[in-house]
Amino acid sequence: MSAASTTPRAAVSARQLAWRRRRETLRRGWAEFRQHRAGLVGLGILVVFVVVALAAPLLASSTDISVTRAPGGVLEHPSSTYWLGTDDSGRPVLSLLIWGARISLLVGLTATVISMVIGTLVGLMSGYFEGWGGALLFRVTEWFLVIPFLPLAIVLATVLGRSLFNIILVIGITSWPATALLIRSQTLSIKERPYLERARVLGAGRSHQIGRHILPNVMPMVFANTTLTVAIAILTETTLSFLGLGDPTRVSWGTMLDQAYSVGAITTGSWWFFMPPGICVILVVLSFTLIGQALEDVVNPRLKARR
Amino acid sequence: MAAAAGLLLAALAPAVALGQPAGAAEDKVVFTVGLDNEVDSFNPFLGIEAPSFEMWALEYDYLIGYSMSDMQPEPGLATKWETSDDGLTWTFTIRDDVTWSDGEPLTADDVAFTLNRILDGGPEAATWGSYLKGTKTITATDPTTVVLELKQPNAVLPLLPMPIVPEHIWKDIDEKAVKTFANEPGGSPAVVGSGPFRMVSGTAGGSEYRFEANPDYWKGAPHIDEIVFKVYKAKDPMIAALKKGEIDFAENLNALQVQALQNEPNIEAINGDSPGFDEIAFNTGAIDTGTGKPIGDGNAVLKDPKFRHALGYAVNLDEIIEKAYYGAGKPGDTIVPPAYANWKWTPEGDQAFTFDLDKAGQLLDEAGYTMGSDGKRTTPDGKPIGTLRLMARADSETSLKVLTFFSEWLGELGIDSKVSSIEEGKLTDVILSGDFDIFEWGWYVEPDPDSMLSYMTCGQLGNWSDSWYCNKEYDALYDQQHSETDDAARVEEVKQMQQIVFDDSPYLVTAYNTVGEAFRTDRFACMRPQPDPGGIYIFQYGVYNYLHMRPAAEADQCEGEAGVTQASDATESSSGPGTGVLVGGGIAAVAALAAIGFVMARRRSTAGDRE
Amino acid sequence: MTTLATADAAVPEAEARRSGGRRSYGRYVLGKVAGSAASLAFVVVLNFFLFRVLPGDPARTLGRGRLNTPEAIAEFNKTYGLDQPLPQQFVTYLGNLLHGDMGLAISTRAPVSQLILDRMWPTLLLVGTSTVLATLLGVWLGMNQAWKRGSFFDKSTTWTSLVLYSMPEWWLGMVLIALLASGVGPFLGWFPTGGLHTDAANPTVLDTVWHLTLPVITLTLAYLADYSLIMRSSLLDELGEDYLTTARAKGLRDLQVRNRHAARNALLPTTTLIALNLGFVVAGAITVETVFSIPGLGLLAVEGLRGPDLWLLQGTFLVASAGVILANLVANLLYGLLDPRVRV
């Protein structure tokens with residue numbers, strides 16, 4: 001407040017102007033996002049899960065997920081004590097779900113960051129640089145795009161071994177090509193825009209062009225694409241866990257599902273162990289997908305006709 | 001969407017109706033078994049997975065059989081066997097009424113051929129070679145007599161558990177060809193066996209294997225027409241198939257699944273005793289067997305028997321049985337399972353491990369592993385212990401659970417640890433290279449514990465030993481019991497050895513495991529467990545149930561006791577393995593037993609633990 | 001599964017290409033074939049080096065505990081060429097591959113190439129049928145959704161397909177087994193619980209269809225959304241285009257407009273996705289084959305995980321990748337034939 005009053009309106013710096021414009025864009029984006037009911041529903045679901053994950057220690061005692069201090073018996077039915085019954089070690093399934101949200105979201109988000117960084121870098125470079133360097137990067141992207149990701153992930157996970165870090169790494173390095181292609185095509189079209197032409201004429205260096213002009217313009221697209229990648233990363237974690245390639249020492253929805261499957265959920269009739277983690281995966285994947293689609297509409301006006 | 005799905009189902013309905021096997025049209029009696037693992041080879045010189053052993057037993061005969069009640073040697077192809085006083089000459093008398101499936105007679109020549117092939121080394125010796133170590137010559141002196149001349153006595157005899165293959169077929173398959181010879185129907189040369197069943201279709205690694213009865217089997221024709229093995233990669237569908245009657249037998253279930261099936265009508269579900277144990281094993285100091293220098297990166301604290309033994313008080317076996325074995329199985333203590341009660345030593349009173357973290361802590365304090373200021377225990381010279389790596393087998397949920405429990409209890413003692421899981425192939429590699437701290441695995445123990453005892457000797461370092469345990473006092477006792485002539489004295493020595501291993505704790509024996517099996521009582525009758533009572537129904541030593549089972553309608557014709565009597569009569573008529581067998585012996589015999597134990601343990605633990 | 005993400009990546013890509021000049025189909029084919037060949041070469045090289053960075057002694061890992069003497073290990077290394085220097089190993093690997101030799105599976109001692117050939121048909125059948133069904137159903141759904149945009153039909157089917165998309169395929173498979181194979185509550189055990197035939201020795205077509213029903217439904221439902229969403233959005237794009245307005249102005253009935261113009265154009269991005277999506281259907285096949293015990297390539301790969309049987313894993317990875325690359329090439333060539341605009 002005081003800062004604003006001491007600065008004369010006329011003398012607003014370029015930086016402040018940029019910030020203000022950006023804030024304005026964000027505000028408009030949010031206003032537009034709010035038009036998407038599905039996106040809002042997705043956001044709502046996601047917020048609930050994120051809050052649950054962050055507040056896990058408050059919602060469920062950490063001793064609930066310790067095998068030696070598990071309070072219940074083996075596969076107890078849902079009751080007033082254990083709302084969702086217990087698992088095969090006597091741990092309350094509800095507590096496991098709450099703590100598992102942390103690992104599942106962590107895997108999804110971290111793997112996506114890796115995928116996003118690789119994808120954005122490769123995409124920017126291959127789009128910006130003409131000549132053999134860019135062409136090669138583009139080819140590499142295409143090569144990776146056609147490699148079926150699960151066989152590759154299986155091979156990588158076998159070679160690297162089973163740990164949370166490796167799972168994140170494997171998902172991250174198998175899911176970037178789609179992002180890279182998207183960023184490349186965006187970069188290609190932005191490169192042709194007049195203001196970039198002007199910047200070049202004015203002597204802007206490559207890093208300035210990429211950092212100041214291209215990157216800020218492709219970022220919204222990256223962001224929208226990213227939310228879709230998180231959904232895939234979370235699904236991949238459950239699949240790898242099912243194949244026995246997950247980190248078995250962490251409680252995630254994927255390892256819970258795998259455990260319920262190996263105990264024999266259908267035979268033992270323990271639906272409370274098999275259904276809830278699956279439903280949580282569906283809800284979170286769905287929420288990321290919905291948000292991603294809504295964001296795409298916001299950042300890509302061409303797609304608006306779709307809704 | 002629901003409409004679309006409904007449409008799909010409707011479209012497929014005729015297929016459903018037509019596709020269902022028309023039960024009425026089938027007049028053949030087919031016994032269908034659900035397996036959870038593939039056969040890895042129908043060539044008896046190549047396979048190592050449990051289902052492969054079962055298939056060979058259906059196709060071929062063996063010199064010696066095993067009794068149903070306690071797995072003692074019984075006549076097979078050999079009607080009797082004799083050993084010279086010095087134990088260096090064994091004479092087997094072979095039946096003269098056995099024919100191969102192509103009509104050729106089975107003679108002593110086939111037996112000698114099979115055994116000589118193994119004796120000659122090469123790929124044939126990989127699985128079976130150790131049984132014949134120390135054998136000089138194997139000759140068929142006449143069509144019904146095979147004579148083994150030994151360099152030194154072999155405690156494993158008369159047990160020769162290799163299938164006997166036909167010379168007139170296998171002589172054309174040389175040592176090089178045998179490495180990839182599939183021995184499957186449709187291949188060349190044709191599959192020729194003498195066993196109670198003949199393979200009709202199937203391929204190693206495939207998902208279905210079909211056998212038909214041999215009506216001319218010398219022990220009498222089986223009472224069923226066909227056996228079909230189907231591989232299910234998931235247990236729930238396998239059990240659903242059993243409930244629906246798509247299969248008649250389900251193998252390798254966990255205790256929770258057995259429990260659920262016990263409420264089902266027309267299904268008998270059991271947790272059969274598996275004579276073996278599971279253990280938490282420590283790296284007690286890996287060395288290069290050539291130079292004697294330490295190898296690997298095992299944590300130094302685990303070299304201290306006091307440290308290891310103290311940890312025995314930090315394992316709540318009752319809880320492990322309840323949560324990791326779902327109530328089936330018994331808490332473990334020594335390396336001889338309770339099934340062999342006469343050999344077993346049981347720690348009593350103060351000696352026995354109880355779950356007592358205070359006592360464990362106190363013992364660690366006394367040994368110098370005191371608590372540091374950070375709440376973590378240190379080595380006697382004040383250095384941090386570091387993080388112990390606990391390796392679970394990726395194929396086994398039980399393995400992972402046991403180590404997860406152990407890790408939490410270690411944490412309460414102020415010792416850091418981290419659980420990981422790796423494939424058994426990789427685990428074997430890290431064990432042999434010494435790059436481990438602690439792992440979980442199991443052993444199958446033979447009726448004579450000699451083999452199991454041998455794994456803990458110094459001579460097995462870098463070989464079958466997986467804890468790198470070496471104790472001269474133990475080794476001396478091992479040699480002594482191996483040449484002991486007095487049974488009672490040998491029992492005492494064996495018990496003493498168990499006590500030494502218990503005190504030094506290279507292993508913390510966690511459980512005596514079981515195998516879950518279930519079958520349809522409305523389809524088949526006359527099934528006998530082995531050992532009887534308390535044992536398992538298939539994957540036995542021998543093929544008793546395949547041969548004796550009958551359709552449920554013929555339940556009143558079971559051979560039951562008659563079969564037992566017959567068997568015991570036959571045993572009396574032969575010269576059983578007297579005490580002479582136990583006399584002498586030697587490293588050869590040790591290795592031989594070790595080999596079968598190793599193979600069995602591996603096949604048990606690869607197949608037996610997958611839930 | 002990534003198609004929801006790649007779908008939009010592919011569209012601007014195609015658009016960027018449209019602005020470029022045109023080329024003859026021959027040159028287009030040549031370029032695409034060269035690209036696929038490069039992809040394949042990349043996979044072949046990747047395949048070799050991935051397995052060479054494996055820590056530990058391959059002989060002991062692969063020997064599954066049977067090789068316990070130095071001689072046995074040396075012999076194993078010699079047999080498999082592991083005693084040679086790395087470049088030499090690579091040459092041997094390439095040479096063998098040219099002859100279709102991918103080594104022996106450690107567990108069954110059978111040639112990996114033979115195992116893969118044996119296991120290929122169930123997977124092709126499963127993946128092929130599901131892809132065709134998912135595409136047809138997805139395109140039909142997408143078209144109707146777009147046409148009846150905002151209707152109850154549009155909303156309910158879009159939501160349903162999105163929920164199905166969000167499920168792990170194997171979880172969906174287990175739920176279907178519980179409902180339609182085991183028979184829970186009002187549902188009956190209509191379908192078999194696993195396998196490909198009742199009697200593998202005498203397979204009949206109907207019996208195979210009956211066994212494949214649940215797995216095919218599982219994969220079809222799981223991948224439906226991929227096709228319906230892209231069809232829906234590209235059709236909506238097309239419906240906004242000017243020429244359609246012209247067509248309408250000319251008095252063509254709505255239905256004809258949809259069928260003749262919009263749907264045909266909207267199909268193009270969908271066709272590229274079929275091939276691109278194949279890699280993910282293959283992924284789905286791996287878990288679905290495991291749940292339904294179908295002896296296909298996916299199950300073979302899962303069996304290779306035990307041990308692990310590296311040569312088997314290597315072989316299945318190579319074949320799966322080659323299959324997807326080939327399918328993409330075919331789709332690209334067809335695409336180029338159908339839509340000359342993409343021939344950049």
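This is a short walk through three chains of a predicted model. Local features need pLDDT of at least 70, side-chain atom pairs count only at pLDDT 80 or more, and totals for chains, interfaces and linings use all residues. Residues are numbered from 1 along each chain as its sequence is written, while chains are lettered from A and ligands numbered from 1 in the order in which they are written.

Start with chain C. It has 13 helices and zero strands. Helices (H or I, at least four residues) and strands (E, at least two) are DSSP runs, numbered from the N terminus. Of its 344 residues, 50% count as buried. Buried means that 20 or more other C-beta atoms, placed from the backbone, lie within 10 Å of the residue's own. Take the contacts in chain C with a separation of 6 or more: 73% of them join residues 24 or more positions apart. A contact needs C-beta atoms, placed from the backbone, within 7 Å.

Turn to chain A and helix α5(A), residues 93-128. Its 36 residues should span 52 Å at 1.5 Å a residue, and its end C-alpha atoms are 50 Å apart, which agrees. The expected span is 1.5 Å times one less than the number of residues. At G100(A), α5(A) bends by about 30 degrees. That bend is the angle between axes fitted to the seven residues ending there and the seven starting there.

Finish in chain B with strand β7(B), residues 145-150. Strand β5(B), residues 89-94, pairs with β7(B) in the antiparallel sense over five bridges. Pairing takes at least two DSSP bridges between two strands. T91(B) has V147(B) as its bridge partner. Strand β6(B), residues 135-142, also runs antiparallel to β7(B), joined by six bridges. Here D142(B) stands opposite T145(B). A hairpin of two residues links β6(B) to β7(B).

Definitions and conventions. Buried ≥ 20, exposed ≤ 12 C-beta atoms within 10 Å, placed from the backbone. Contact = placed C-beta atoms within 7 Å.
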